[in-house]
Amino acid sequence: MSQSDGPLSGGNSGGASPKGKGGLRQFYERTRDRLRRGRSRMQQGGAAAGEMMRSIADSVGADEWVEQAFERARGLSAPSIEQLPVDFKLRQSAWPRRLYERVFPIKHIFRMGYRLEIEFLEDFMPISNESYIGRGTYKFVYRLPWQMVIKVSKDVMGSDPIFGRLYREVAQEPDKFLKPEELALWEHLKHGRGSGARERVDHKFARLGMERYHYWKVREELPDLVLPTRFFMGVRYRQRLAGRDFFSRKIMPMDSQVLLVGKHLKEFATAGKQADQGWMGRTFAPGYDFEFDIGRFGQIKKKVLLKITEDFRRLIRFTEVLALREKLILDIHTENLIITLPDFQLKVFDFHLFDEHLYEPSLKFDSPEKDHIEVIEKFIESFDLDR
Ligand SMILES: Nc1ncnc2c1ncn2[C@@H]1O[C@H](COP(=O)(O)OP(=O)(O)O)[C@@H](O)[C@H]1O
Ligand SMILES: [Mg+2]
């Protein structure tokens, strides 16, 4: 599992890591206070969600914008791997895993449906070990032969910080987040199963609804920065016997997205200088102060820099308001921000929102999103726009 992406990561991905001094005790006390505050907020309930849920329920049916973007992307062949924001370090697995993937390769994915009381498979998507382009803490990402990616949820424990307040809202009222067809598929997959298996199915569908909920919360505020994304229950097939048509299948929440050509924000950084940290931080969560160098990716016009600055500022404002009003942290660390090349645009493709009290606390600021914002501010400064 990748340690370099996600809320509890070490954070040599830049800025997200705990910085500054502070011993174990201080760290413990801060975390305990956060948990207390979080609990009392939760008891007050998520009132703001009502409006949002209505819009999600209305929109999951036909989403013209997504359909049109996918139609276009399906007609274009995938760019070469060199043009993608691939982080080869992130893709590396230990040798037992690599061997397993060679002997039992993944083959393809289908979207699962349920109509006329029949289980359907549609949307054939071929994948292979070679098309694996990256992963974060929660998803494996594969490039499709056309200009799209498919993201397969990883198995994570029910106690994972991602399953916070929004997850519980979905679990309580799933019909606000899932289509009637998905609700029917859910029932169908539970039918005749034991209680353990039924619980696992419940968890998968609630997770699907939660992913969609996170996406809509970001999309409502920043529609032009968000990548068109479709969430669905999918089945992934893995070949079991070499040379034979014998597959194992795994049902998982998935999403497909337009494929981005570009680089992670951190790739614009010149070798980061290790941050000034205490012994604890250096040992367990080394952080780096980033120096950005936009010149590394060619000449960029001032007009383009102004536009991307404005977009980053909107993203920052949104992140701040969300943290302040809803105590939700948008996970905008440097591997979750891609700048497209050659047109130099900011796109948001990972929409995960964490309850503030479940997110790794900042050791430098009073709220964790400020670590990420600081890195982005430094990136903008490196444009030298006042010159
Ligand atoms: N639309 C995309 N186009 C190109 N690469 C992508 C796209 N979405 C994700 N990736 C790559 O996959 C990695 C993990 O994807 P992400 O959605 O952040 O998953 P997670 O939720 O597990 O963090 C990203 O850091 C990026 O390198
Ligand atoms: Mg991510």
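Residues count from 1 along each chain as its sequence is written, chains are lettered from A and ligands numbered from 1 in the order in which they are written. Because the model is predicted, local features need pLDDT of at least 70 and side-chain atom pairs count only at pLDDT 80 or more, while totals for chains, interfaces and linings use all residues.

**Overall**

The protein chain has 11 helices and 14 strands. These are DSSP runs numbered from the N terminus: H or I of at least four residues for helices, E of at least two for strands. The chain holds 387 residues, and 36% of them are buried. Buried means 20 or more other C-beta atoms within 10 Å of the residue's own, with C-beta atoms placed from the backbone; exposed means 12 or fewer, and partly exposed lies in between. Of the contacts with a separation of 6 or more, 72% join residues 24 or more positions apart. A contact needs C-beta atoms, placed from the backbone, within 7 Å.

**Elements named below**

| Element | Residues |
|---|---|
| α8 | 195-221 |
| α10 | 302-326 |
| β8 | 262-264 |
| β12 | 337-340 |
| β13 | 346-348 |

**Helix α10**

α10 has 25 residues and reaches 35 Å from first C-alpha to last. That is close to the expected 36 Å, which is 1.5 Å times one less than the number of residues. Ile308, Phe312, Leu315 and Thr319 are buried in α10. An α-helix has 3.6 residues a turn, so residues three or four places apart point the same way. The cover over the buried residues of α10 includes β11, β13 and α11. Just after the helix, Lys327 takes a positive phi of about 55°.

**The sheet**

β13 also belongs to an open sheet of three strands, ordered β8-β12-β13 with antiparallel pairing. Strands pair if DSSP finds at least two bridges between them. β8 and β13 are the edges, each pairing on one side only. The twist averages 35° from one strand to the next. Three bridges join β12 to β13. Ile338 stands opposite Lys347 in β13.

**The core**

The largest nonpolar core has 67 residues. Such a core is a set of buried Ala, Val, Leu, Ile, Met, Phe, Trp, Tyr and Cys residues joined through C-beta atoms within 7 Å. Tyr142, Val149, Ile150, Val170 and Leu353 have the most contacts inside the core. Helix α8 gives the largest share, nine residues. Domain 1 (24-47 + 263-381) and domain 2 (49-259) both contribute, so the core lies between them. The domain bounds come from an automatic or database assignment. Beyond its neighbours within four places in sequence, Val149 touches residues including Ile133, Leu144 and Leu259.

How values were computed
Contact = placed C-beta atoms within 7 Å. Axes fitted to C-alpha atoms, helices over the stretch in contact; angles between N-to-C directions.
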